[in-house]
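Subject: Structure handover

Hello,

Here is the structure we talked about. Please open it alongside this note; my findings follow below.

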Amino acid sequence: MTILFQSLIHDPDLWIDALQPALPDEDIRPLAEIDDKASVDAAIVLAPPHGLLASLPNLKFVQNLGAGVDGLLKDPSYPRHLPLARMVDDGLANKMAEYVVLHVLRYHRQVEAMQFNQRNKIWKWLPPVDASERCIGIMGMGELGIAAAKRLLGFGFQVVSWSRRLKAIDGVASFHGADQLEGFLRHCQMLVCLLPLTPETTGIINRRTLSLLPRGAYVINAGRGGHVAEHDLLHALDNDYIAGATLDVFAEEPLRQDHPFWVHPKVTVTPHNAADIIPSRVVPYIADNIRRLREGRPLLRLVDMKTGY
Ligand code: NDP
Ligand code: OXD
């Protein structure tokens, strides 16, 4: 049987070269080299074209090359009965924690104000704020949220979190469930979104939830673009309720040329690169799951189709 490798952004040759030594007995091929769809029984994919996976009659297992599986599940023909593993990796979590720390510190240390002053040759002392006086809220306290929270605690920030189920993490005040969202938001001087995109979380950063943040709060979204009601965020930025936003993910990617986020003075745009995987780190996880599949052992890091993450 054959393993299909397909990715919208990764070089298949590079990945197959990395995978093959870990799975020497497997026939791993890029989409262009699959002659017989019936030969494929496992697929390693990132953002496959809609319909592709449903067209593989003997498919038994899907390994997503990312942590978020919303892109796969929005394909109406996606074969939801098959086991789907997502990417969970310390390297990815470290990268995301770096991204969160980078932008939290940028706001905390007023870097934008200093850059403005430098451009205008203004020597101005800005009063410092102690990290212990800033409260950072993390929405989505999974693999990535926990890694980010731990780093932020190390800088002395107050950290609060919001998840579906209660969390017990030293130093973090945990809020959970829809009923506690408002209480959580009221604490967040900086709101970091690391949620998966599901029907429950779509549009969760909207006019109402933004208005529950303290005036002058910042928003950092590295979850998915679909979490943000873009017009509501622009409105809150333009009327000075929200002080700034750092956005790595967008409803439509790449961000279209005429999108107001590109030029908005309070918005930092990054091109969906907060965290990415590297072959040397994740090949062992992928290979382990393929071996488990072959040996009929339980697969790891599976998505719960009921919750969608
Ligand atoms: P996890 O599945 O480990 O964690 C998801 C978290 O979100 C959990 O804490 C979960 O709660 C919480 N959650 C889910 N649904 C709800 C809800 N309805 N209400 C409250 N909390 C909810 O995911 P990861 O941390 O691995 O990844 C999170 C997301 O980050 C990915 O889905 C992806 O969209 C995004 N991502 C972005 C990248 C980038 O480069 N920008 C890179 C990688 C990922 P509970 O713990 O109770 O289940
Ligand atoms: C992911 C991503 O989900 O890179 O892994 O967005």
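Predicted model: local features only at pLDDT ≥ 70, side-chain atom pairs only at ≥ 80, totals over all residues.

Helix pair α3 and α5

Start with α3, residues 90–108, and α5, residues 143–154. Their axes come within 8 Å and cross at roughly 50 degrees. The crossing is right-handed. On the α3 side, the contact is made by Leu92, Ala93, Asn94, Met96, Ala97, Glu98, Val100, Val101 and Val104. On the α5 side, Glu143, Leu144, Ala147, Ala148, Arg151 and Leu152 take part. By class, this contact has 11 nonpolar, 1 polar and 3 charged residues.

Helix pair α1 and α9

Now take α1, residues 12–19, and α9, residues 279–295. The two axes come within 9 Å and cross at roughly 55 degrees. By the classes above, α1 and α9 are therefore oblique to each other. α1 and α9 also cross in the right-handed sense. Leu14, Trp15, Ala18 and Leu19 come from α1. They meet Pro279, Val282, Val283 and Ile286 of α9. What classes do the residues of this contact fall into? There are 8 nonpolar residues, no polar ones and no charged ones.

Ligand 1

How many residues surround ligand 1? The count is 28, and the closest are Arg86, Arg165, Lys167, Asp248 and Tyr309. Lys167 places a polar side-chain atom 2.5 Å from an oxygen atom of the ligand. Backbone atoms take part too. An N or O atom in the backbone of Met141 lies 2.9 Å from an oxygen atom of ligand 1. For Leu144, a backbone N or O atom is likewise 2.9 Å from a ligand 1 oxygen atom.

Ligand 2

Ligand 2 is surrounded by Gly66, Ala67, Gly68, Arg224, His272 and Ala275. Which of these supplies a side-chain N or O atom 2.6 Å from a ligand oxygen? It is His272. Ala67 has a backbone N or O atom 2.6 Å from an oxygen atom of ligand 2. The backbone of Gly68 puts an N or O atom 2.8 Å from a ligand 2 oxygen atom.

Backbone points to check

Two spots deserve a look on your screen. The peptide bond from Glu253 to Pro254 is cis, with omega near -5 degrees. Pro254 sits in the loop between β11 (242–247) and β12 (267–269). Where does Gln110 lie? It is in the loop between α3 and α4, the latter being residues 111–119.

Best wishes

Definitions and conventions
Residues numbered from 1 in each chain as written. Chains lettered and ligands numbered in written order. Heavy atoms only, no water. Axes fitted to C-alpha atoms, helices over the stretch in contact; angles between N-to-C directions. Helix = DSSP H or I, 4+ residues; strand = E, 2+ residues; numbered from the N terminus. Parallel < 35°, antiparallel > 145°, perpendicular 65-115°, else oblique. Left-handed = near helix turned anticlockwise from the far one by under 90°. Contact = heavy atoms within 4.5 Å. Nonpolar A, V, L, I, M, F, W, Y, C, P; charged D, E, K, R; others polar. Near = heavy atom within 4 Å. Polar contact = N/O pair within 3.5 Å; in protein donor to acceptor, adjacent residues only side chain to side chain.
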